[in-house]
Amino acid sequence: MCIYTNQSGVPHGSILVPILYSIFTAALPETEQTLTATYADDTAILNSHKNPINASKKKLHNRLNQFEIWLKRWRIKANENKSTHVTFTWKRENCPSITLNGNQITQGETARYLGIYLDKRLTWRTHIFAKRKQRGIKFQQMYWILGRKSELSISNKLLIYKTILKPIWTYGITLWGIASNSNSEILQRYQNKVLRAIVNAPWYISNKAIHADFKVSTIREEITKFRVKYRDKITTHPNELASTLLEEEETRRRKRSKPTDLTTRFS
């Protein structure tokens, strides 16, 4: 067995890691033309412009040049292979490609950030399908205890569903809750299937009756509940800037929905 002395870094899982990392990255360069969103070691650099060339070649490219200098100075290595360049637009063309440390960043149709899948047109369909698949895998793993042949009581089955399966798809609901009914129905159809297996419902019992009898909220009802909690939290938040999240911006094209619409859409 060989023992090596670690000259840098911190112990894995230490409670000091988040604090020390925040201090270490506090000097991350900022520009007025871009917005940097960071959470732990996940970093997103955002900017918008009507001209795609200006968006990439001028704003974003200049920002990445400063970012490269900062990375070299503090001896941090960024993984370009895990980075994704996404153009959020309804137009077909993408912004020109960009590079980091001399390597071109792959352009994609979706980007995963903090467990949320952001697709190019922000329809949330990719995210909903991902959560549908994730919940399906987890349900299959637990079918022996949640399925029709399980001898566990229905009340305990529903308790397991609400504590283990439900959080999978409700995560980020204040964002993807604005998805169209056709997309949110993807989750609703699967919830119907899971509940029918949990309560061992015969074919002639409607899905609506199952939800009502066992007091399980539908997908749209859950969106409404989270909308109310979100609005109450924002309006009573001690940070005055939080209230600006509810303010309506300029007129939008195509009547596109935004997360702030959840505060009034289902009232």
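Predicted model: local features only at pLDDT ≥ 70, side-chain atom pairs only at ≥ 80, totals over all residues.

User: How many helices and strands does the chain have, and what percentage of its residues count as buried?

Analyst: Helices (H or I, at least four residues) and strands (E, at least two) are DSSP runs, numbered from the N terminus. Here the chain has 10 helices and 8 strands. Buried means under 20% relative accessible area, exposed means over 50%, and partly exposed is in between, with a 1.4 Å probe and protein chains only; by that rule 33% of the 267 residues are buried. A contact requires heavy atoms within 4.5 Å, and among contacts between residues at least 6 apart in sequence, 58% join residues at least 24 apart.

User: How do I read a helix pair, and at what angle do H3 and H5 cross?

Analyst: Axes are lines fitted to C-alpha atoms, for helices over the stretch in contact, and angles run from 0 to 180 degrees between N-to-C directions. Angles under 35 degrees count as roughly parallel, over 145 as roughly antiparallel, 65 to 115 as roughly perpendicular, and the rest as oblique. For H3 (residues 125–141) and H5 (residues 154–170), the axes come within 8 Å and cross at roughly 155°, which means that H3 is roughly antiparallel to H5. As for handedness, a crossing is left-handed if the near helix is turned anticlockwise from the far one by less than a right angle, and right-handed if clockwise; H3 and H5 cross in the right-handed sense. The contact is made by Lys131, Gln134, Arg135, Lys138 and Phe139 of H3 together with Tyr161, Ile164, Leu165, Ile168 and Trp169 of H5. For residue classes, Ala, Val, Leu, Ile, Met, Phe, Trp, Tyr, Cys and Pro count as nonpolar, Asp, Glu, Lys and Arg as charged, and the others, Gly among them, as polar. On that scheme, the contact of H3 with H5 has 6 nonpolar, 1 polar and 3 charged residues.

User: Is H3 roughly parallel or roughly antiparallel to H7?

Analyst: The axes of H3 and H7 (residues 181–199) come within 8 Å and cross at roughly 15°, so H3 is roughly parallel to H7. This crossing is left-handed. Residues of H3 including Ile128, Phe129, Arg132 and Phe139 meet residues of H7, among them Ser184, Leu187, Tyr190 and Val194. The contact of H3 with H7 comprises 8 nonpolar, 4 polar and 3 charged residues.

User: How far apart are the axes of H5 and H7?

Analyst: Their axes are 10 Å apart, and the two helices pack at about 155°, so H5 and H7 are roughly antiparallel to each other, with a right-handed crossing. Leu158, Leu165 and Trp169 are among the contributors from H5, and Leu187, Val194 and Ile198 among those from H7. By class, this contact has 10 nonpolar, 1 polar and 1 charged residues.

User: Which residues have the most contacts inside the largest nonpolar core?

Analyst: A nonpolar core is a set of buried Ala, Val, Leu, Ile, Met, Phe, Trp, Tyr and Cys residues joined through side-chain atoms within 4.5 Å. The largest one has 30 residues, and those with the most contacts inside it are Phe139, Leu146, Leu165, Trp169, Trp176, Val194 and Ile198. H7 supplies the largest share of this core, 8 residues. Leaving aside neighbours within four places in sequence, Leu146 is in contact with Phe139, Lys157, Ile160, Leu165, Ala197 and Ile198. A second, separate core of 10 residues includes Phe67, Trp70, Leu71 and Ile98.

User: Are Ser184 and Arg132 buried or partly exposed?

Analyst: Ser184, in helix H7, is buried because its relative accessibility is 1%, and beyond residues up to four places away in sequence it touches Ile128, Ile219 and Arg220. Arg132, in helix H3, is partly exposed, with a relative accessible area of 27%.

Conventions:
Residues numbered from 1 in each chain as written. Heavy atoms only, no water.
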